[in-house]
Amino acid sequence: MPAWLRIGVPVLILLMTGALLIWLIGTFLGFIVKLLIGSLVVVGFVALIRGERSSRV
């Protein structure tokens, strides 16, 4: 086994693991951001409807 291969394989595994972790965290964060934006839109919409109802009465 050449020296570059002995050094290269663990480095490659570490890089791939790091990339996978970053991708997973990014996906999870993206999901949280979408969830937050969605809930804000819903809350804003409900507040708007309630505001219109109270102004009509």
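**View 1. Valine 11 in helix H1.** Valine 11 is partly exposed, its relative accessible area being 39%. That value lies between the 20% and 50% limits, which is why the residue is classed as neither buried nor exposed. The residue has its place in helix H1. The model shown is predicted.

**View 2. Valine 11 and leucine 48.** In sequence, 37 residues separate valine 11 from leucine 48. In space, the C-alpha atoms of valine 11 and leucine 48 lie 55 Å apart.

**View 3. Leucine 35 and the nonpolar patch.** Helix H1, residues 3-56, contains leucine 35. Leucine 35 has a relative accessible area of 52% and is therefore exposed, the limit being over 50%. Leu35 also belongs to a nonpolar surface patch of about 800 Å².

View 4. One helix and zero strands are present in the protein chain. With a radius of gyration of 25 Å, well over the 10 Å from the globule rule for 57 residues, the protein chain is more spread out than a compact globule. Along the principal axes, its C-alpha atoms fill a box of roughly 85 × 10 × 5 Å.

**View 5. Surface of the chain.** Of the 57 residues, 0% count as buried. The accessible surface of the protein chain amounts to about 5,400 Å². Carbon and sulfur atoms account for 82% of that surface.

Conventions. Residues numbered from 1 in each chain as written. Predicted model: local features only at pLDDT ≥ 70, side-chain atom pairs only at ≥ 80, totals over all residues. Heavy atoms only, no water. Patch = residues over 30% accessible without salt bridge, like charges linked within 9 Å, V, L, I, M, F, W, Y side chains within 5 Å. Areas by Shrake-Rupley, 256 points an atom, 1.4 Å probe, with all protein chains shown as cover. Salt bridge = Lys/Arg side-chain N within 4 Å of Asp/Glu carboxyl O. Helix = DSSP H or I, 4+ residues; strand = E, 2+ residues; numbered from the N terminus. Buried < 20%, exposed > 50% of the residue type's maximum accessible area, 1.4 Å probe, protein only. Rg over C-alpha atoms; globule rule 2.2 N^0.38 Å.
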